[in-house]
Amino acid sequence: MDEEYEVIVLGTGLKECILSGLLSVDGVKVLHMDRNDYYGGESTSLNLNQLWKKFRGEEKAPEHLGASRDYNVDMMPKFMMGNGKLVRTLIHTDVTKYLSFKAVDGSYVFVKGKVQKVPATPMEALKSPLMGIFEKRRAGKFFSFVQEYDETDPKTHNGMDLTRVTTKELIAKFGLDDNTIDFIGHAVALHTNDQHLHQPAFDTVMRMKLYAESLARFQGTSPYIYPLYGLGELPQAFARLSAVYGGTYMLNKPECKVEFDEEGKVTGVTSEGETAKCKKVVCDPSYLPNKVRKIGRVARAIAIMSHPIPNTNDSHSVQVIIPQKQLARRSDMYVFCCSYSHNVAPKGKFIAFVSTDAETDNPQTELKPGTDLLGPVDEIFFDMYDRYEPVNEPGLDNCFISTSYDATTHFETTVADVLNMYTLITGKQLDLTVDLSAASAAEE
């Protein structure tokens, strides 16, 4: 261990594993350490006995729920946009060869007390019970404008500069009502609150285009995909990538203390009396608690069920977004469901999650609007965890700390944090247009 590395990565959460993979591909000499003896950190997947031990303090789960090994319960469950940045990162790094994906059955939104399918095309908008006939016409025109919008072609701009016009002003031009604005902003553009209405419309339009592109890419009934056997496969796949490109891994390393010089710059990491020297450290907030601040808490419920979520067309995998306004909350609530169809539970069993930014100290009461949508459950666990963000200046101490996972059940915010960290660490943007698998095949 008494070697010198350019970067030491602490923690094997998904963000840290993606970064160690990307840096190794760049030719950076990486050492990746974790105090745990398993991959995934906070974003790991648990079998049934591990789940029982974590939440009930008991060694074994009841036998009637099936074999423990048949469960892969994600602690940070999130779907991927079919054409989103995480999928493009997977393709860019050729990590796809270590993973198998399957489309997610449904994307839904809770509006006016009902669970409704999210329309994402003019045709779906016309059929949707979310809107009356005149609203459908207006929404159809808005979706057409978004689909045709090309930032490089002023003819598609309808005389508007979307970097100046707010989302609210853009939507007002099409005369859409509040419920339509709600599902477009939260269930299609995937904003987590209503701040986007007062910000330039360009971001919202590009998010809507991503939703439509993702829907078209896999020609499914939702824009999302999800790995077989759950998200626990992702950190391991990026760890393999890092190892292929020369990264070194050490699990089960206790205490991992970051060392600094007199100027406060990182010099290395000490564990079990040995110090590995490095120029930079990448880690999750738990490794440098004095360089982060608490930014909130997430309340969540994890349920084991023997049926799909009602009113979702018997979908075996589904996301339901409950926009904040529908519940008079400050932030959205998310319902995520996956099942044996993605190999995360035994046949006939479904795993559902309900999550939101906590606004009270009582997750059972706070999550009730989401858990009420699940129908009868075999077992349910309630949990809260703190969220942290870095407050250090990476340019001064060479510490690059990820932000804790949020309550969303999609990956867009997670990947934005990873790509931002990559730029801070390397000083360059990640070029996702390069396909490394094609490059490596050409070299052979």
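Met-80 stands opposite Ile-225 in strand β9. This is a predicted model, in which local features need pLDDT of at least 70 and side-chain atom pairs count only at pLDDT 80 or more, while totals for chains, interfaces and linings use all residues. Residues are numbered from 1 along each chain as its sequence is written, and side-chain values use heavy atoms, with hydrogens and water left out.

Strand β9 (residues 224-227) is joined to β5 by 2 bridges, and the two run antiparallel. Strands (E, at least two residues) and helices (H or I, at least four residues) are DSSP runs, numbered from the N terminus. Two strands pair if DSSP finds at least two bridges between them. The open sheet has 3 strands in the order β5-β9-β6, with antiparallel pairing. β5 (80-81) and β6 (101-103) are at the edges with a single partner strand each, so one side of each has no neighbour in the sheet.

The domain assignment, automatic or from a database, gives domain 1 (4-44 + 231-293 + 388-430), domain 2 (45-105 + 296-387) and domain 3 (118-218). The C-alpha centres of domain 1 and domain 2 are 26 Å apart. In contact (heavy atoms within 4.5 Å) are 30 residues of domain 1 and 31 residues of domain 2. The area buried between domain 1 and domain 2 is about 2,900 Å², and carbon and sulfur atoms give 64% of that area. Buried area is the accessible area (1.4 Å probe) that two parts lose on being put together, summed over both. Thr-44, Ala-407 and Thr-409 supply 22% of the area that domain 1 buries against domain 2, more than any other three residues.

Side chains of opposite charge can pair when their charged atoms come close. A salt bridge is a side-chain nitrogen of Lys or Arg within 4 Å of a carboxyl oxygen of Asp or Glu. The whole structure has 21 salt bridges, and the count between domain 1 and domain 2 is 1. Two salt bridges are listed here.

| Salt bridge | N to O distance |
|---|---|
| Asp-406 and Lys-78 | 2.8 Å |
| Asp-417 and Lys-15 | 2.7 Å |

Asp-417 in helix α13 and Lys-15 in helix α1 are 402 residues apart, and their pair links distant parts of the chain.
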